[in-house]
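Dear colleague,

Please find below the sequence and the structure that I am handing over to you. My notes on the findings follow directly after them.

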Amino acid sequence: MVATSPITTQTDNPLQDGRKRAMLLAALYIAQEQFGWLSEEAIQRVAERLNLTVGQVKSTASFYTMFKLQPQGKYRIQVCEGLSCYLVGGAEPIINYIAEKLGIQPGETTPDGKFTLEVVQCLAACGTAPAVKVNDELYENMTFSAIDQLLERLQQEN
Amino acid sequence: MESPVQPQPNPLTIPSYTDLPFYRKQVRIALRNCGIINPERIEEYIERGGYLALAKAVTEMTPDEVIGVMKDSKLRGRGGAGFVTGIKWEFARRSPAKPKYVICNADEGDPGAFMDRSILEGDPHSVIEGMAIAAYAIGSEEGYIYCRAEYPLAIAHLKIAIQQAREFGFLGKNIFGTNFSFDLYIKEGAGAFVCGEETALMASIEGRRGEPRPRPPFPAVSGLWNKPSNVNNVKSYAMTPQIILNGAEWFASIGTESSPGTAIFALTGKINHTGLIEVPMGTTLREIIYDIGGGIPGGKQFKAVQTGGPLGGCLPAEALDTPVDFDSLVQAGATMGSGGMIVVDEDTCMVEFAKYFLTFASAESCGKCVPCRIGGRRLLEVLTRIGNGEGKPEDLDEIEYISRNMKEASLCALGQLTPGPVMASLRFFRSEYEAHIYDKKCPAKVCRGLITYKVIEENCTGCMVCKRNCPAGAISGEKRQVHYIDPNICERCGICIEVCKFDAIMIE
Ligand SMILES: Cc1cc2nc3c(=O)[nH]c(=O)nc-3n(C[C@H](O)[C@H](O)[C@H](O)COP(=O)(O)O)c2cc1C
Ligand code: FES
């Protein structure tokens, strides 16, 4: 988490109210880290802390791709659709391949809660594109057979 | 430029790095410390003249004099639009309301761009010093750096740098014993490209949806929390200390008359030497791509270079002698943008390439205004149709019609510029579009609706590997017999090419 502006508890000054609201993104990051995703409960708590309505918090959170309003699978498979990955013919074929194998579309989670498929921007592995990230683990130079092996291994892990 | 690691003249074989072709044509102002100092030690920045410019500004110059130097240097903002920085500062200074805010736009979201990230990671103090000078000039005591969340190392280095600057008294109360006070905070984005637009960025700092609003009022009049605010790009701030130290004339002597100083690009794509470069404005695309970038790998033909990222445009080989500066690039049909430079070769289909940027930009539409939200989607439908071989002759007019509307009626530059890459590729590579539509052919053999996979009979050994691996079951053939791919079943996924050990499959 990042140092943000000084927090105050005063709320009669519009500027101070504004500063409280300015903590919202940082607060959502913290809540997401604790809960794994932004559940109703997490949103409720953030709203209470910052004197905002649940609607305000939800509307803001839903604008940003980094905030997850759905439960996430145990393994978050992030396929890069950045430029370098695209140029080597990655992205679309890989996304389609994984989507077909898991039977889910990007943004969805398998019914057993194991995998979430996501499409993301550059993973900073352009030199070894195409790249796929699973949770915090990066996989480079991906091929269809490498995906087969990866998914097989993850299926077997508990 | 003095380097602590002085390149020793070596009479034998090893050339100094400044002699390498990649570096020889470069002039490093914003990148002068990157890779040379340890960004986690403020002492190393100070040894290289760091914070001298801030000291000079606050102890020897009035705010108006600082603005005067910036105006004389004619520095144009490096975030894309190229607005003169000194004039922007003057607007903010003249705004009567208080407090005022200094904001650094570090939301760099263009695919293939990583200039701002390199500066934040490699030389964070140059940005902090530039922001402090801006704060002194406009009369602000509080600043924000809005950094995209995808750059954790940049954020970490910034945090360290801000802390050290506070300890050394370069941030905080009564800087250099004067009555100038200024402090700085980091705000982390959350994955929305449109937040790079300055009004959306300020909404996001305020903890709201990052939707742009119409300008005027400009941020200099009513910005963050409706107070006067000055927004500049990372590179603009990083160049500021050098301008204050070395003077406006020095800066204006580099580059061209209307675009002084240096241009910073992230060279990527089909090019031998990828990486960050800083060259005097006015250097030609040819010099950058061939002399610095070392040309196209694998003996392939250069096809196009995209500048300005997903909101820019591409230029063909005929335009390689265009000098790189704000005005010449626009004249040629592209834009400067914030500094991505992507080179593609003969294997890239320009329809597909344009579709890539369009997919990116239209997905980032915040949805607030109709031309951008609907127009982007409609354009994408047309390009998809063309790529699938279902294009109609009137589609090219349709592209131009939608593009014109988006350009004229969208609320912010995102919508206005989204059709840019499509328009540029249509202008310079019209024949490729026509080949897709009339001949149902993709000249670069990329578009899946227009290619067929075929077995090269002489090479096929009948090993059956492709048949076993084909997910669609499109391949037939007996062991040691030439195989056959049924084009009606084939999904063009490319797995057969990947697994074939005998180069026996080709695309037609
Ligand atoms: C969709 C969109 C995205 C933008 N992204 C960035 C960005 O990532 N970084 C940036 O500095 N400017 C970006 N800009 C330009 C900013 O609105 C603004 O002009 C710039 O930060 C001003 O800084 P400068 O005067 O130093 O160039 C973007 C503009 C638009 C319309
Ligand atoms: S584009 Fe995929 S890692 Fe950079």
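**Strand S9 of chain B and its sheet**

In this predicted model, S9(B) is covered on both of its faces: Gly340(B), Ile342(B) and Val344(B) on one side, and Met341(B), Val343(B) and Asp345(B) on the other, are all buried. Buried here means under 20% relative accessible area, with exposed set at over 50% and partly exposed in between, using a 1.4 Å probe and protein chains only. The strand is thus listed as mostly covered, with six of its six residues buried. Strands (E, at least two residues) and helices (H or I, at least four residues) are DSSP runs, numbered from the N terminus.

S9(B) belongs to an open sheet of five strands, ordered S6-S5-S9-S7-S8 (chain B), with mixed pairing. Strand S6 (275–280) and strand S8 (313–316) of chain B are at the edges with a single partner strand each, so one side of each has no neighbour in the sheet. From one strand to the next, the twist averages 30°; axes are lines fitted to C-alpha atoms, for helices over the stretch in contact, and angles run from 0 to 180 degrees between N-to-C directions. Two strands pair if DSSP finds at least two bridges between them. Strands of a sheet pair through backbone hydrogen bonds, in either the parallel or the antiparallel sense.

With S7(B), strand S9 (residues 340–345) of chain B pairs in the antiparallel sense over five bridges. Thr307(B) has Met341(B) as its bridge partner in S9(B), and Phe302(B) has Asp345(B). With strand S5 (residues 262–269) of chain B, the pairing of S9(B) is parallel, over four bridges; there, Thr268(B) has Ile342(B) as its bridge partner.

In helix H19 (residues 430–437) of chain B, the residues Glu432(B), Tyr433(B), Ala435(B), His436(B) and Ile437(B) are buried. Their cover includes strand S7 (302–307), helix H14 (350–363), helix H15 (370–387), helix H16 (395–409) and helix H18 (420–428) of chain B.

Phe429(B) is placed in the loop between H18 and H19 of chain B and counts as buried, at 10% relative accessibility. Not counting residues up to four places away in sequence, Phe429(B) touches Lys303(B), Ala304(B), Cys314(B), Pro316(B) and Met350(B), where contact means heavy atoms within 4.5 Å. Phe429(B) and Cys349(B) are 80 residues apart in sequence, with a C-alpha to C-alpha separation of 9.7 Å in space.

**Aromatic pairs and a charge over a ring**

Over all chains, a search of the whole structure finds 20 aromatic pairs. Rings of Phe, Tyr and Trp (its six-membered ring) pair if their centres lie within 6.5 Å; planes under 30 degrees apart count as stacked, over 60 as edge-to-face and the rest as tilted. The ring centres of Tyr101(B) and Tyr144(B) are 6.3 Å apart and the planes are at 55°, so this pair is tilted. Tyr101(B) lies in strand S1 (residues 101–106) and Tyr144(B) in strand S2 (residues 142–147) of chain B, so the pair ties together parts that are 43 residues apart in sequence. Both Tyr101(B) and Tyr144(B) are buried.

Strand S2 of chain B also holds Glu142(B), which is buried with a relative accessible area of 16%. Leaving aside neighbours within four places in sequence, the contacts of Glu142(B) include Arg19(A), Tyr101(B) and Trp225(B).

Elsewhere, ring pairs link Tyr45(B), Tyr51(B), Phe168(B), Phe170(B) and Phe176(B) into a cluster. The charged end of Arg148(B) sits over the ring of Tyr151(B), 5.3 Å from its centre; the criterion is NZ of Lys or CZ of Arg within 6 Å of the ring centre and within 35 degrees of the ring normal.

**The sheet of chain A**

Chain A has an open sheet of four strands in the order S2-S1-S3-S4, with mixed pairing. Its edge strands are strand S2 (115–120) and strand S4 (137–139) of chain A, each pairing on one side only. Strand S1 (residues 75–80) of chain A pairs with S2(A) in the parallel sense over six bridges, and Tyr75(A) stands opposite Phe115(A) in S2(A). Helix H7 (residues 144–156) of chain A packs on this sheet, and its direction makes about 145° with that of S2(A).

**Conventions**

Residues are numbered from 1 along each chain as its sequence is written, with chains lettered from A and ligands numbered from 1 in the order in which they are written. Local features need pLDDT of at least 70, side-chain atom pairs count only at pLDDT 80 or more, and totals for chains, interfaces and linings use all residues, while side-chain values use heavy atoms, leaving out hydrogens and water.

With kind regards
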